[in-house]
Amino acid sequence: MLLLIELAVVPLAAARLTRLICADKITEPLRMAAARRLPDQSLLLYLLFCRWCMSIWTAVPMAAAWWAASSLPRWSGWWWLDVPTVALALSHVTGLLVRAEPED
């Protein structure tokens with residue numbers, strides 16, 4: 001049962017955090033302030049508005065936290081293999097969820 005909860009909660013939390021950073025109204029003032037200060041072609045500016053791009057940056061710490069906190073067995077047992085693999089999977093799930101959302 002714990003496995004099913006982790007399989008649902010961790011990817012959804014990564015997707016939610018990504019949306020919070022890139023698309024939610026509550027963080028819009030921060031994004032707009034960055035947009036005023038950064039050049040139009042800035043990669044950081046692009047990152048702040050691209051959920052596909054930001055998802056990997058939110059997924060890495062979430063994958064590390066999952067690896068450190070979960071009591072479930074890891075498939076390899078090596079953090080340096082498990083954390084990047086889980087981060088990539090979380091990022092991809094986030095991207096798929098983004099595609100399912102209507103455009104704002």
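This is a dialogue about how to read the main features of one predicted protein model.

Colleague: How many helices and strands does the secondary structure come to?

Modeller: Helices (H or I, at least four residues) and strands (E, at least two) are DSSP runs, numbered from the N terminus. Here the secondary structure comes to five helices and zero strands, and the C-alpha trace spans about 45 × 25 × 20 Å along its principal axes.

Colleague: What percentage of the residues count as buried?

Modeller: A residue is buried under 20% relative accessible area, exposed over 50% and partly exposed in between, with a 1.4 Å probe and protein chains only. Of the 104 residues of this protein, 37% count as buried.

Colleague: Which residues make up the largest nonpolar core?

Modeller: A nonpolar core is a set of buried Ala, Val, Leu, Ile, Met, Phe, Trp, Tyr and Cys residues joined through side-chain atoms within 4.5 Å. The largest one has nine residues, namely Val10, Ala14, Ala59, Ala63, Trp66, Val83, Val86, Ala87 and Leu90. The elements that give two or more residues to this core are α1 (2-22), α4 and α5, and the largest share, four residues, comes from α5. There is also a second, separate core of five residues, which includes Ala34, Leu47, Leu48 and Met54.

Colleague: With which residues is valine 83 in contact, leaving aside its neighbours within four places in sequence?

Modeller: Contact means heavy atoms within 4.5 Å. With those neighbours left aside, valine 83 is in contact with Val60, Ala63, Ala64 and Trp67.

Colleague: Which residues form a nonpolar patch on the surface?

Modeller: Patches are made of residues with over 30% relative accessible area and no salt bridge, where like charges are joined within 9 Å and nonpolar side chains (Val, Leu, Ile, Met, Phe, Trp, Tyr) within 5 Å. In this model Trp75, Trp78, Trp79, Trp80 and Leu81 form such a patch, with about 660 Å² of accessible area together, an area that comes from the Shrake-Rupley method with a 1.4 Å probe, where for residues only the protein chains shown count as cover. Tryptophan 79 lies in helix α5 (residues 79-100), and tryptophan 79 counts as exposed because its relative accessibility is 54%.

Colleague: How many salt bridges does a search of the whole structure find?

Modeller: Side chains of opposite charge can pair when their charged atoms come close. A salt bridge is a side-chain nitrogen of Lys or Arg within 4 Å of a carboxyl oxygen of Asp or Glu, and the search finds five of them. In one, arginine 16 meets aspartate 24 (2.6 Å, N to O); arginine 16 is partly exposed at 43% relative accessible area, whereas aspartate 24 is buried at 10%. Aspartate 24 has its place in the loop between α1 and α2 (28-37).

Colleague: Which parts does the pair of glutamate 101 and arginine 51 tie together?

Modeller: The side chains of glutamate 101 and arginine 51 meet in a salt bridge (2.4 Å, N to O). Because glutamate 101 lies in the segment after α5 and arginine 51 in helix α4 (residues 51-69), the pair ties together parts that are 50 residues apart in sequence. Salt bridges that share partners also join Arg16, Arg19, Asp24, Arg51 and Glu101 into one network.

Colleague: Which cysteines form a disulfide?

Modeller: A disulfide is a covalent bond between the sulfur atoms of two cysteines, and the cut-off used here is a pair of cysteine sulfur atoms within 2.5 Å. The structure holds one, formed by cysteine 50 and cysteine 53, whose sulfur atoms are 2.5 Å apart. The torsion about its S-S bond is about 70°, so this disulfide is right-handed. Cysteine 50 is buried at 13% relative accessibility, while cysteine 53 is partly exposed at 24%.

Key
Residues are numbered from 1 along each chain as its sequence is written. This is a predicted model: local features need pLDDT of at least 70, side-chain atom pairs count only at pLDDT 80 or more; totals for chains, interfaces and linings use all residues. Side-chain values use heavy atoms; hydrogens and water are left out.
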